[in-house]
Amino acid sequence: LKLSCCPPCIMPRAVASRKRRTDLSRIPRRSDLKYTERFSQEKLSAYRVCGDPLADDVANELHERHGGLTKIHDLLTTVRAKAAECTGPEGDVFRKFLSESARIPDWADRELIERGQRVHTIHTPFIGLSLFAGSLVGGAQYPVASVVTVLAGNITTDPLRRLNETGSLLQALAFPGSLVDAGCEAHESLTKVRLLHAALRNWLPRSGRLQRLPEIVPSRILVEGEVPINQQDLAITLGVFCYINLRSMRRMNIVLSSQDIIAYVQMWRYAGYVLGIHDDLLPETLEAQEEFMLASMLHQGVPDFIDGDATKKFINTFAQAANTGSKGLLSFERVQDFLFQMIVYLNGAEHTTGMEIEDKGDTHWSVRFVRTFGFLFGTAMPRLPLGETALFHLHQFGIRRQQRLRGTPVGHGAGTGADVSQRVGTRPPPARL
């Protein structure tokens with residue numbers, strides 16, 4: 001899939017990144033962030049004016065000629081219905097989307113992808129903590145994407161729902177064989193999210209909510225003509241789910257084999273493909289994705305912009321929920337302390353400065369606790385006879401149970417968010433999609 005609005009050729013795949021191995025146990029310092037030939041400032045800026053033409057054409061067609069964008073949380077059903085109903089040329093845009101989104105690229109390795117899904121399932125509890133620390137909270141260092149997320153959803157009023165629905169989308173990956181083929185569970189979920197993104201790209205500019213964006217976020221990171229939920233932001237989110245997840249697991253004392261890391265990257269590369277991310281931003285290796293993330297953190301990351309009070313209020317919601325859910329067995333203060341330290345430990349103090357959270361160091365009880373459990377259940381147990389199989393089936397059972405309780409994810413409450421453009425001078429609560 002070629003994106004006409006993006007640079008036609010981003011250059012040959014970088015060879016330099018393949019000559020070294022990523023040190024997942026180390027969080028790069030701000031001084032380590034740099035642009036490269038492949039991910040220069042100019043090329044990253046170009047991706048901020050790129051949406052997803054294939055899905056955007058569908059959203060535009062629905063808006064202009066088919067009664068508007070309704071039921072945006074399941075536009076895939078609408079697209080299939082329109083493809084069947086509109087037998088003439090007017091239905092081509094829908095049939096093209098379904099055909100292209102079902103196409104399997106030559107680089108896809110089904111066996112490797114399914115192994116990546118198995119690795120994902122085995123380590124689900126630790127990935128959940130990484131998701132909270134690195135995505136929902138750590139993602140606040142990207143101001144533009146954070147503001148757009150608030151505008152598009154209801155994270156300000158119901159952060160627990162946000163975590164549950166993002167978690168539900170990721171849980172669909174826990175079933176090997178559910179990702180590669182169109183119609184399968186994970187492929188369906190991701191395709192619905194792709195169309196949801198297109199609907200939001202269509203609606204947000206028309207809503208007027210983006211008009212005062214330049215007055216809310218630092219001017220140096222804004223790109224003239226950039227679109228919401230653009231290609232760079234999508235690829236950053238993919239990097240959070242893949243590179244940052246792998247790094248967080250390693251810091252939690254989970255040691256994966258080189259082959260499992262390759263499989264995990266392949267799984268997320270394919271997930272990104274289903275989400276409509278441009279081929280040149282899909283990671284062929286972990287090193288390539290790290291290269292992109294370090295350049296993007298320099299390009300879009302502003303840790304000082306993070307609102308410390310809003311972040312702590314956001315975290316406290318989860319601490320209170322844990323206290324209530326345990327009937328007081330887990331004290332609010334203890335859970336809060338744990339979450340605060342995990343956020344700093346897994347993101348790095350330099351990348352969370354605006355949160356104003358005290359870094360109590362690697363010897364703090366929370367770090368020792370998570371590293372002990374990480375080694376026992378993430379490194380040692382999977383290597384025991386039947387250990388991996390037991391964890392795999394246990395976590396699959398738990399995920400199915402949660403899915404029955406939660407129901408179908410509906411897209412993060414998209415379209416219900418507060419208009420933060422009316423609160424110029426305040427910073428948005430932390431959020432990432």
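So, helices: the protein chain has 17 of them, and zero strands. Please keep in mind that this is a predicted model. The chain runs to 433 residues, of which 58% count as buried. If you take contacts between residues at least 6 apart in sequence, 83% of them join residues at least 24 apart.

Let me start with a helix pair, α3 and α4. Helix α3 covers residues 75–85, helix α4 covers residues 92–102, and their axes are 8 Å apart. How do they pack? The angle is about 120°, and α3 and α4 are therefore oblique to each other. For those of you who like handedness, α3 passes α4 in a left-handed crossing.

Which residues make that contact? On the α3 side we have Leu76, Val79, Arg80, Lys82 and Ala83, and on the α4 side Phe94, Arg95, Phe97 and Leu98. Sorted by class, this contact of α3 with α4 holds six nonpolar residues, three charged ones and no polar ones.

Is Val79 buried or exposed? Its relative accessible area is 0%, and the cut-off for buried is under 20%, so Val79 is buried. Setting aside neighbours within four places in sequence, Val79 is in contact with Val58, Phe94, Phe97, Leu98 and Leu195. One distance to note here: Val79 and Leu62 are 17 residues apart along the chain, and their C-alpha atoms are separated by 8.8 Å.

Helix α9 takes in residues 185–207 and helix α12 residues 258–274; their axes come within 8 Å and cross at roughly 45°. That makes α9 oblique to α12. The residues that meet are His187, Leu190, Thr191 and Arg194 in α9, and Tyr270, Ala271, Tyr273 and Val274 in α12. By class, the contact of α9 with α12 has five nonpolar residues, two polar and one charged.

Also in helix α9 is Ser189. With a relative accessible area of 16%, Ser189 is buried. What does Ser189 touch, leaving aside neighbours within four places in sequence? The answer is Leu169 and Ala172. The C-alpha atoms of Ser189 and Val274 are separated by 9.7 Å, and these two residues are 85 apart along the chain.

If we follow the chain on from α12, we come to Leu281, in the loop between α12 and α13, which is 286–300. Not counting residues up to four places away in sequence, Leu281 touches Phe39, Tyr47, Gln231, Gln232, Ala235 and Phe292. Phe292 is eleven residues from Leu281 along the chain, and the C-alpha atoms of the two are separated by 7.9 Å.

Next, some backbone angles. Most residues other than glycine have a negative phi. Where do we find positive values here? One is Lys327, which is not a glycine and has a phi of about 55°. Lys327 lies in the loop between α14, 308–325, and α15, 332–347. With a relative accessible area of 79%, Lys327 is exposed. Another is Leu386, also a residue other than glycine, with a positive phi near 65°. Leu386 has its place in the loop between α16, 365–380, and α17, 387–406. At 68% relative accessibility, Leu386 counts as exposed.

Last, a word on cysteines. A disulfide is a covalent bond between the sulfur atoms of two cysteines. How many disulfides does the count come to? With sulfur atoms required to lie within 2.5 Å, the count comes to zero. Two cysteines are worth a look for their surroundings. Cys184 counts as partly exposed, at 23% relative accessibility. Cys242, on the other hand, is buried, with a relative accessible area of 0%.

Before I hand over, here is a quick recap to keep beside the structure. We have 17 helices and zero strands, a left-handed crossing of α3 and α4, and α9 oblique to α12. Thanks, everyone, and over to you!

Key:
Residues numbered from 1 in each chain as written. Predicted model: local features only at pLDDT ≥ 70, side-chain atom pairs only at ≥ 80, totals over all residues. Heavy atoms only, no water. Axes fitted to C-alpha atoms, helices over the stretch in contact; angles between N-to-C directions. Helix = DSSP H or I, 4+ residues; strand = E, 2+ residues; numbered from the N terminus. Parallel < 35°, antiparallel > 145°, perpendicular 65-115°, else oblique. Left-handed = near helix turned anticlockwise from the far one by under 90°. Contact = heavy atoms within 4.5 Å. Nonpolar A, V, L, I, M, F, W, Y, C, P; charged D, E, K, R; others polar. Buried < 20%, exposed > 50% of the residue type's maximum accessible area, 1.4 Å probe, protein only.
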